[in-house]
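Subject: Structure handover

Hi,

Here is the structure I promised to pass on. Have a look at it first, and my notes on what turned up follow below.

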Amino acid sequence: MCMKDLQNNAITVLNNNWKDKFSIPCAKLYPFQWFWDSGLIAIGFAHFDMPKAEKEIETLLDAQWSNGFIPHIIFHTETDTYFPGPDFHRSDLHPESSKKYKSTGMTQPPVTGFVLEDLYRISKDRDATLKFIESVIDKVYKNHEYFYNQRDPQDEGLVYIYHNWESGTDNSPIWDDIWDTMNPPEYTFERRDTTHVDAAQRPSKREYDHYLHIIEIAKQNNYNDQKIAELSPFLVQDPLFNAVLLKSNQSLIDLYRIIGNKNNNDKIHQLQKWQDKGTKSFNNKLYDEELGVYVHYDLRNEKLLKHISSSSFAPLFANLPSETRAEKMVDIMMEKFGNPDQYLCASFDPTSDRFNPKKYWRGPVWVNLNWMLYYGLKQYGFYDIAKRMKQDTIEIIENNGFYEYFDSRKEEHKNGNAGYGGHNFSWSAALFIDLLNE
Ligand code: GLC
């Protein structure tokens, strides 16, 4: 199929997943608004329908809590096709939660800051887009303030996540190390994901027990951040999450400067302080000399989780590593993930025995991570590898369609059956459009 037709298909996917004021990631499997999906989807819309891009972000920010928190799922509609839904999550337990929207009590990688900058980059009417940005940017600032005030118990400039669903990389093998430290009760519940997607590609029942248990603990404490930091068995400083936050910090600084209103100087100053401190701690604490990449830090058990995943390379996107470190990281990426029989970039180390190229975050290629890595590689001048990252991303979509994730093994792509999870998936379509047009 020619690129123009494929791009039109991507536009159709986005328009079909648009629900008047927000987008769903895909029909059936994910029928609500998700935080980081929304941001990435807005980047796609910005190329052909800026009002929808703006509305997407406005709706997301409308669901912000009064303490600055933005939830990971906003339950706009009632449906029993998803578990766990609003009655399980009970966001109303938190005194500052939104009165207008039901949501979860957890968050997701804070992409909004850099997304606003992308809208500005893409816009054909920058004055109008800047006006829009001015109308929402303080809410995003407030979200960052929430993170640094509530999620950084050791005052390091690094924030924790308390649930694997906050990481965005929900079923990564990295979490196996945390599950080993827990022994949750066996819950009785009815899964919905496995009625939409092959169970072999989704987490196990026992893994779900862990997920629910952490939420139960948070709910028993009304989603109080201090209590969660004290009690949650899952407390992790995630390199992808923190890289996204730092990337967004920098975007807010740049955008406030472009807006150029003196009243914003204090915010710029504060953002810069977070940025400097966060960058320093990130490089000191999350880099593993032995592996030569960034890894997750288990704050509950005070140790590094020494596994290489696509999140290990996300710091390139936020311009965090030195040139020397970046070179080492890219060597490792190519050595472990870059074999000619593999598409870039598997979500987990293909040389590890935990690697599974079919299972949700345990190996398959994800378009959102590839997109970040593409821009990261380019920023550091690794043009050839960036080019391959982009071409691989386009090719897997060409071969299979706009799936949620894809087999990393090229051989599996021969029959066009190497796309897994949800189909007609919004961010795969959105970021495909961005890659074609950047
Ligand atoms: C899956 C992904 C998560 C994403 C959500 C909706 O749960 O792991 O990152 O936000 O789907 O697409």
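A backbone N or O atom of G168 sits 2.6 Å from an oxygen atom of the ligand. D37 does its part through the side chain, with an N or O atom 2.6 Å from a ligand oxygen, and a polar side-chain atom of Y30 is 3.3 Å from an oxygen atom of the ligand. I'm using polar contact for a pair of N or O atoms within 3.5 Å; within protein, one must be able to donate a hydrogen and the other to accept it, and residues adjacent in sequence count only if both atoms are side-chain atoms. There are 13 residues around the ligand, and D37, G168, D170, Y360 and W361 come nearest; being around it takes a heavy atom within 4 Å.

Before you go further: this is a predicted model, where local features need pLDDT of at least 70 and side-chain atom pairs count only at pLDDT 80 or more, while totals for chains, interfaces and linings use all residues. Residues are numbered from 1 along each chain as its sequence is written, and side-chain values use heavy atoms, with hydrogens and water left out.

Searching the whole structure gives 3 cavities of 30 Å³ or more. Points are joined across faces, edges and corners, and a volume is the space filled by probe spheres set on the points.

The largest cavity comes to about 280 Å³. Its lining has 28 residues, with Y30, W34, Y82, D170 and Y360 nearest the centre. The elements giving two or more residues to that lining are α2 (35–46), α9 (193–196) and α10 (205–220); helices (H or I, at least four residues) and strands (E, at least two) are DSSP runs numbered from the N terminus. By class, the lining splits into 17 nonpolar, 5 polar and 6 charged residues. Here nonpolar is Ala, Val, Leu, Ile, Met, Phe, Trp, Tyr, Cys and Pro, charged is Asp, Glu, Lys and Arg, and the others, Gly among them, are polar.

The largest pocket holds about 220 Å³. Residues lining it include F114, K247, S251, F317 and W371. Two or more lining residues come from each of α5 (112–122), α12 and α15 (367–379), with α5 giving the largest share at 5 residues.

At the start of α12, a side-chain oxygen of D238 comes within 2.7 Å of the backbone nitrogen of L240. G260 follows the helix, with a positive phi near 70 degrees.

Most residues other than glycine have a negative phi, and most peptide bonds are trans. F83 and P84 are joined by a cis peptide bond with omega about 0 degrees, and P84 is in the loop between β2 and α4 (86–89). Another cis bond joins L344 and C345, with omega about -10 degrees. D155 has a positive phi near 50 degrees and is exposed at 52% relative accessible area. N319 also has a positive phi, about 60 degrees, and is partly exposed at 47%.

Cheers

Conventions: On a 1 Å grid over the protein atoms alone, a cavity is a set of points where a 1.4 Å probe fits but cannot get out, and a pocket is an open set with protein on both sides within 12 Å along at least five of seven lines; lining residues have an atom within 4 Å of a point. Buried means under 20% relative accessible area, exposed over 50%, partly exposed in between (1.4 Å probe, protein chains only).
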